[in-house]
Amino acid sequence: MVIFLKRGDLIKNMYFNPEPKMERKDLFGVEYALSSFQHGLNDESTRMIIIKGLRRTGKTSLLNVGLKESGKNFVKIDVRQGPYQDRKEFLAFVIAQIQKQLKESAFQKIKKKVSGVSVGYKDFSATVFLS
C-alpha cells in the first residue's frame with residue numbers, strides 16, 4: 001500500500017509550529033490518507049505501508065496520528081539518525097532502538113511476555129534476549 005501526500009495536503013499552522021503533529025485536530029486535508037493508513041494497519045493482508053510525499057507535507061504527522069489512533073503497540077524508529085556504515089551496524093542500531101523504547105514506554109507490560117527480538121536480512125541476523 002502506498003499513500004502519497006501532495007503539496008496541497010499541508011498541516012494547519014505549519015508555518016507557526018513546524019514540529020510534527022500528534023493530534024487529528026492539527027491535521028488538515030489528509031482525511032483520506034489517514035483513513036487509508038488506518039485501513040492498512042488493520043488489514044492483515046497488508047505487508048507494507050509506504051508514506052510518500054515531498055518535504056513538509058505531513059508524512060510524519062500522518063504516521064504519528066495514525067499510529068496513536070490505531071491503539072496498536074508500535075516502536076517508531078527514525079533510521080536517519082543512526083551512525084551505521086553497513087548492514088550489521090544498521091541492524092544493531094535498530095535493535096538498540098527497540099531495546100531503548102521497550103525500556104521507556106508502555107511496552108514494559110508486554111516485555112515480560114517477550115523473551116527476545118530477532119532481526120535479519122539475507123545472510124545476517126541478530127537476536128536480542130530481553131531480561
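Predicted model: local features only at pLDDT ≥ 70, side-chain atom pairs only at ≥ 80, totals over all residues.

Reader: Fine. How many helices and strands are in the chain?

Author: The chain has four helices and four strands.

Reader: In what order do the elements run from the N terminus?

Author: They run β-α-β-α-α-α-β-β.

Reader: What share of the residues is buried?

Author: Of the 131 residues in the chain, 28% are buried.

Reader: And the contacts with a separation of 6 or more: what percentage of them comes from residues 24 or more positions apart?

Author: Such pairs account for 59% of those contacts.

Reader: On to the helix pair. At what angle do the axes of α1 and α2 cross?

Author: At roughly 50 degrees, and the axes come within 10 Å. Helix α2 covers residues 59-70, and α1 covers 31-42.

Reader: Is the crossing left-handed or right-handed?

Author: The crossing of α1 and α2 is right-handed.

Reader: Which residues meet there?

Author: On the α1 side they are Ala33, Leu34, Phe37, Gln38 and Leu41. On the α2 side they are Leu62, Leu63, Val65, Gly66, Leu67, Glu69 and Ser70.

Reader: How do the residues of that contact divide into nonpolar, polar and charged?

Author: Eight are nonpolar, three are polar and one is charged.

Reader: Now Ile49. Where does Ile49 lie?

Author: Ile49 is in the loop that joins α1 to β2, the strand at 50-53.

Reader: Which residues does Ile49 contact, leaving aside neighbours within four places in sequence?

Author: Met1, Ile3, Phe37, Gly40 and Leu41. Phe37 and Leu41 also take part in the contact of α1 with α2.

Reader: How far apart are Ile49 and Val2?

Author: They are 47 residues apart in sequence, and their C-alpha atoms are 5.9 Å apart in space.

Reader: Why is Ile49 classed as partly exposed?

Author: Because its relative accessible area is 25%, and the buried class requires a value under 20%.

Reader: Next, the loop between β2 and α2. What stands out in the backbone of Arg56?

Author: Arg56 has a positive phi of about 65 degrees although it is not a glycine. Arg56 is placed in that loop, and it is partly exposed with a relative accessible area of 40%.

Reader: What about Thr57, buried or exposed?

Author: Thr57 is in the loop between β2 and α2 as well. It counts as buried, at 0% relative accessibility.

Reader: What lies 2.8 Å from a polar atom of its side chain?

Author: The backbone oxygen of Leu54 does.

Reader: And Ser61, where is that?

Author: Ser61 is in helix α2. It is buried, with a relative accessible area of 4%. A polar atom of the Ser61 side chain lies 2.8 Å from the backbone nitrogen of Lys21.

Reader: Let's move to the loop between α2 and α3. Is Pro83 buried or exposed?

Author: Pro83, which is found in that loop, counts as exposed at 67% relative accessibility.

Reader: What does Pro83 touch, not counting residues up to four places away in sequence?

Author: Glu89 and Phe93. Pro83 and Phe93 are 10 residues apart along the chain, with 7.9 Å between their C-alpha atoms.

Reader: And Tyr84, what is it in contact with beyond its neighbours within four places?

Author: Val79, Glu89, Phe90 and Phe93. Tyr84 sits in the loop between α2 and α3, where α3 is 87-104. It is partly exposed, with a relative accessible area of 22%. Glu89 and Phe93 are also touched by Pro83.

Reader: Last one, Lys88. Where is Lys88 found?

Author: Lys88 is in helix α3. Its relative accessible area is 51%; the exposed class begins over 50%, so Lys88 is exposed.

Reader: How far is Lys88 from Ser125?

Author: The two are 37 residues apart in sequence and 8.3 Å apart in space, C-alpha to C-alpha.

Conventions: Residues numbered from 1 in each chain as written. Heavy atoms only, no water. Helix = DSSP H or I, 4+ residues; strand = E, 2+ residues; numbered from the N terminus. Buried < 20%, exposed > 50% of the residue type's maximum accessible area, 1.4 Å probe, protein only. Contact = heavy atoms within 4.5 Å. Axes fitted to C-alpha atoms, helices over the stretch in contact; angles between N-to-C directions. Left-handed = near helix turned anticlockwise from the far one by under 90°. Nonpolar A, V, L, I, M, F, W, Y, C, P; charged D, E, K, R; others polar. Polar contact = N/O pair within 3.5 Å; in protein donor to acceptor, adjacent residues only side chain to side chain.
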